[in-house]
Amino acid sequence: MKRLRRLCVALMTAFVAGTPTWAQFGPNLLAEGDFEAGLQGWQAAVSGAQAAAAGLTVDDGQAKVGARSLKFTVPKEGGVSATSPVAPVEGGKVYLYSFWFCSEGFSKTGLFAGCNAQYSLTWLNAEGKVVGSVGVGLSYGEVPAWRFMARTVRAPAEATGMRANYAVTVNAEGIPSRLWLDRVQLRALSGAPAPGGKVWVFRAADGFYDQGAFRRVADDDTGSGFAVIGATRFQNKPSYLSGGMYTRALPAGQFQVTYRVKAAEIATETEPLLSWDINTDLIGHLAAGNILTTDFRQPGAYQDFTFDFVKPPNVRWVDFRAFWQGGVTTWIDTITVREVRLFTDADNQALMD
Ligand SMILES: [Ca+2]
């Protein structure tokens, strides 16, 4: 019955597809991310010799949305971090985490110059215990204009809440720096590829792999007759089994990517076999995770691993990478991207506003 209802909803969505609305996005679950009413429950932590000069404040003169933003002020040899209130989530669901930031100071070359900014997302269970986390570095370079960041994440099965943390640190070599944060959002993401949607197929064997580490081999289980192999008997060296496509073909939109992968054996120990990420020119990873040795159902048989992601309009190229960790001989065939929906101008606005 539930499945039938879901099907009906899907059909209704398909019928109204001609008049785009942002039905795929739920409301912002991190309601305290605008800073219009002050710190709104964000907790500050300050460290370093000049801790008195460091701080977390609400800036009345700088904002991406509204009139205020959160400002991190960090002198030489200091650190400031901010932890958000906990946003409610449902275990196993997919979410889009997004925010705007800009900065002053940092590095003028884009290379590390003693200033570091990063954020992390921590998943909590009903008892408040940590059940997972992901840490992400921000640009080493100064970002003078507001930049939109977005990352698609899946809540672990046991998760009931998520909290974000931002940390800015400056060491003895760095220069005093400032960072502004605004419009932090966590929104549920739903939707699946519909028949007739756009599809892009990348074959690792077409050259999209580390050709110094791996080789292209004949493989009758693939459509092209070729795969790329990471073989423990040839070269048990961790590297990119896929990557290097730097495609500009994808417009802004919501997509699913499927890695088609085969493992020679099913391991008894659970370990990451492939660490995948969707890398970009500007905003780091759109999504990332691990395919584990024990995720395979059958030795020597291809299996699809599918992940959701959103490509915002400020991203130019994307690269679908899979980093082989070694240990089990692995073949990769295709990386297939399917449209869930392509964004209209109104969609892009709803995404970033
Ligand atoms: Ca604001």
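Author: Let us start with a pair of strands: S6 and strand S11 (residues 177-188) run antiparallel to each other, joined over nine bridges. This is a predicted model, where local features need pLDDT of at least 70, side-chain atom pairs count only at pLDDT 80 or more, and totals for chains, interfaces and linings use all residues. Residues are numbered from 1 along each chain as its sequence is written.

Reader: What makes S6 and S11 a pair?
Author: Two strands pair if DSSP finds at least two bridges between them, and S6 and S11 have nine bridges. The strands themselves are DSSP runs (E, at least two residues), numbered from the N terminus.

Reader: Why is S9 called an edge strand?
Author: The antiparallel open sheet has five strands in the order S2-S3-S11-S6-S9. Strand S2 (55-59) and S9 each pair on one side only, and they are the edge strands. From one strand to the next, the twist averages 30° (axes are lines fitted to C-alpha atoms, and angles run from 0 to 180 degrees between N-to-C directions).

Reader: What makes Val228 stand out in the largest nonpolar core?
Author: That core has 85 residues, and Val228 is among those with the most contacts inside it. A nonpolar core is a set of buried Ala, Val, Leu, Ile, Met, Phe, Trp, Tyr and Cys residues joined through C-beta atoms within 7 Å. Not counting residues up to four places away in sequence, Val228 touches residues including Leu241, Trp331 and Ile332.

Reader: Why is Asp295 called partly exposed?
Author: Buried takes 20 or more other C-beta atoms (placed from the backbone) within 10 Å of the residue's own, exposed takes 12 or fewer, and partly exposed lies in between. Asp295 has 17 C-beta neighbours inside 10 Å, so this residue counts as partly exposed. Asp295 sits in the loop between strand S18 (285-292) and strand S19 (303-311).

Methods
Contact = placed C-beta atoms within 7 Å. Helix = DSSP H or I, 4+ residues; strand = E, 2+ residues; numbered from the N terminus.
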